[in-house]
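Dear colleague,

I am passing on the structure we talked about, with the sequence alongside. Please open both before you read the notes below.

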Amino acid sequence: MAALMVARWRAALQRWLPDTLFGRLALLLIVAVIVSHVLALTLMFELRPAHPGHPPGPQPLGVAADGHSLRLPPPGPEQGLWNAPPSLQLGLLLDISVRLAALVAVAWWAARWLSRPMHRLATAAQELGRDIDRPPLPEDGTLECRDASRVFNQMQARIRQQLAERDRFVAAVSHDLRTPLTRLRLRTECLDDSHAQQLFRRDIAEMDAMITSTLDYLRGVAGAEAWVLLDAQALADSMADDQLAMGHRVTVAGQAAPLRVQAVALRRCLDNLVGNAIRYGGSAEVTLHDAVDALTIEVRDHGPGLPAEELERVMEPFYRVEASRNRQSGGAGLGLTIASDIVRRHGGRLALRNAAGGGLVAAAIFPRTAA
C-alpha cells in the first residue's frame, strides 16, 4: 500500500514538474530563493531577544525590542554595521548565513538531480564498447534526457543489426571462398608434375592463410567471448613452449598475477606479437611487468626495427612497411591490427618503440579495472 502511494505521488509530481531541463532548473532556483527568504525572516523574528516591556514573540520587521524603529546609520568614519545595535547585527548575519546555506544546499542537490541522467548516458556509452548487448537505457527524465536516451537506444539497435549482418556476410564469404580452394586442392593432387604441384600447394596455402586473417579481422576476433580470470604468466609460458616445439627461440621473464581477460582473444594477441617478432627478428623475448593498476606484456625482437614515422601506421589494417605481398617476408598486414584491437577491447593500448640495442618492442598494456 505504501509503495502504491509513493508511486502515485511520484507520478503526480512528474505531471506537475516542467518537462525541460531549463524549466526544472528555473523552478529550483525560484523555490530556493523563496525558501531562503522565509527561513531567514522566520529566524530573525524568533531569535530576537525579547524586551521586558513587550510580550515575547515575533515583532514587526525593523522594530527593536524597546519599540523604537531600527535604522542603519549611513557609513562614516565612526559609524557602520559594526556600530549598529547587536540585534540588528545578529539579524543580518542570520539572514546572510541562512540564504547562503539554503542556496548552496539546493544548488548541490539540483546539480546531482539534473546531471544523473547525463552520467547514466555517459556510463552506458563507455559500456557499449565492451558489451553491445547491454540492456537499453530507460527513457525517462526531462525531454532532453528522454530524447538522448531514445537516440542512444536506436544507435545501439542499429549497431547490433549491422554486426549481425556482418557476421552473416563473413559466414557467406567464408563458405564461398573455402569451396573453390577445396576444389583447387583436389585438382592439385591430380597433377603429374611434382614441381607444379608443389607450387600450387604453396599458393593455395598462402591464399588460405590470407583469407583466414582477413575473415578473423572482419569477424572482430571473438568479440562475444566471455571474461574469465586467467593466469597470464602460465599462458605466456605455454605459448613459449609451443613456439620452442616448432624450432623458434622464445623466452619469458617476469611474473604476473591473474588477470580478468578474454582468454582466446589474449592468446591470439600474444601469438600475433610473438609471430611478428619471430618473422622479422628470428626470436622473441616476452617480459611481464605487473603493477597494481595494469599488466604490461612486452614482446621484443632483434630485427631491424622500424622508422619512427612508421610506429603508428603499421597498426593500420593491411598496411605493411615492406611493400611486397610475400607472406614469408611481410604477411597480410593484419597481425598488429588484430593485436591492437584485442588490447583496446580490454581497455588498454598497444605501443611500439625501437629498443635501445636494436629491434622492436611491442608493449601491450592491460588495465586491471577494464573488465
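What follows is a short account of what was found, going from the whole chain to single residues.

Please keep in mind throughout that this is a predicted model. The chain has 371 residues, of which 31% count as buried, and it holds eight helices and seven strands. Among contacts between residues at least 6 apart in sequence, 59% join residues that are at least 24 apart.

The largest nonpolar core has 39 residues, and within it Leu-273, Val-274 and Leu-352 have the most contacts. The elements that each give two or more residues to this core are the helices H6 (232-245), H7 (263-281) and H8 (335-345), together with the strands S3 (259-261), S4 (283-290), S5 (294-300), S6 (349-354) and S7 (360-367). The largest share, eight residues, comes from H7. If you look at Leu-273 and leave out residues up to four places away in sequence, you will find that Leu-273 touches Val-299, Leu-336, Ala-339, Leu-350, Ala-362 and Ala-364. There is also a second, separate core of six residues, which includes Leu-121, Ile-132, Leu-137 and Phe-152.

H7 has 19 residues and reaches 26 Å from its first C-alpha to its last, which is close to the 27 Å expected at 1.5 Å a residue. Its buried residues are Ala-265, Leu-266, Cys-269, Leu-270, Asn-272, Leu-273, Val-274, Asn-276, Ala-277 and Ile-278. After H7 comes Gly-282, whose phi is positive, near 85 degrees.

H7 also packs against H8, at an angle of about 145 degrees and with the two axes 9 Å apart, and H7 passes H8 in a left-handed crossing. On the H7 side the contact is made by Ala-265, Leu-266, Arg-268, Cys-269, Asn-272, Leu-273 and Asn-276, and on the H8 side by Gly-335, Leu-336, Ile-338, Ala-339, Ile-342, Val-343 and Arg-345. Sorted by class, this contact has nine nonpolar, three polar and two charged residues.

Ser-340 is found in helix H8, and Ser-340 counts as buried because its relative accessibility is 8%, the cut-off being under 20%. Leaving aside neighbours within four places in sequence, Ser-340 is in contact with Met-315 and Leu-350, while its C-alpha is separated by 9.2 Å from that of Glu-316, which lies 24 residues away along the chain. Ala-240, for its part, is placed in helix H6, and with a relative accessibility of 4% Ala-240 counts as buried too. Not counting residues up to four places away in sequence, Ala-240 touches Val-250 and Val-252; the C-alpha atoms of Ala-240 and Val-252, twelve residues apart along the chain, are separated by 7.1 Å.

Finally, helix H4 (residues 143-188) has 46 residues and reaches 67 Å from its first C-alpha to its last, close to the 68 Å expected at 1.5 Å a residue. The buried residues of H4 are Cys-145, Ser-149, Phe-152, Asn-153, Gln-156, Val-170, Ser-174, Leu-181 and Thr-188.

With best wishes

Notes
Residues are numbered from 1 along each chain as its sequence is written. This is a predicted model: local features need pLDDT of at least 70, side-chain atom pairs count only at pLDDT 80 or more; totals for chains, interfaces and linings use all residues. Side-chain values use heavy atoms; hydrogens and water are left out. Helices (H or I, at least four residues) and strands (E, at least two) are DSSP runs, numbered from the N terminus. The expected span of a helix is 1.5 Å times one less than its number of residues. Buried means under 20% relative accessible area, exposed over 50%, partly exposed in between (1.4 Å probe, protein chains only). A nonpolar core is a set of buried Ala, Val, Leu, Ile, Met, Phe, Trp, Tyr and Cys residues joined through side-chain atoms within 4.5 Å. Contact means heavy atoms within 4.5 Å. Axes are lines fitted to C-alpha atoms, for helices over the stretch in contact, and angles run from 0 to 180 degrees between N-to-C directions. A crossing is left-handed if the near helix is turned anticlockwise from the far one by less than a right angle, and right-handed if clockwise. Ala, Val, Leu, Ile, Met, Phe, Trp, Tyr, Cys and Pro count as nonpolar, Asp, Glu, Lys and Arg as charged, and the others, Gly among them, as polar.
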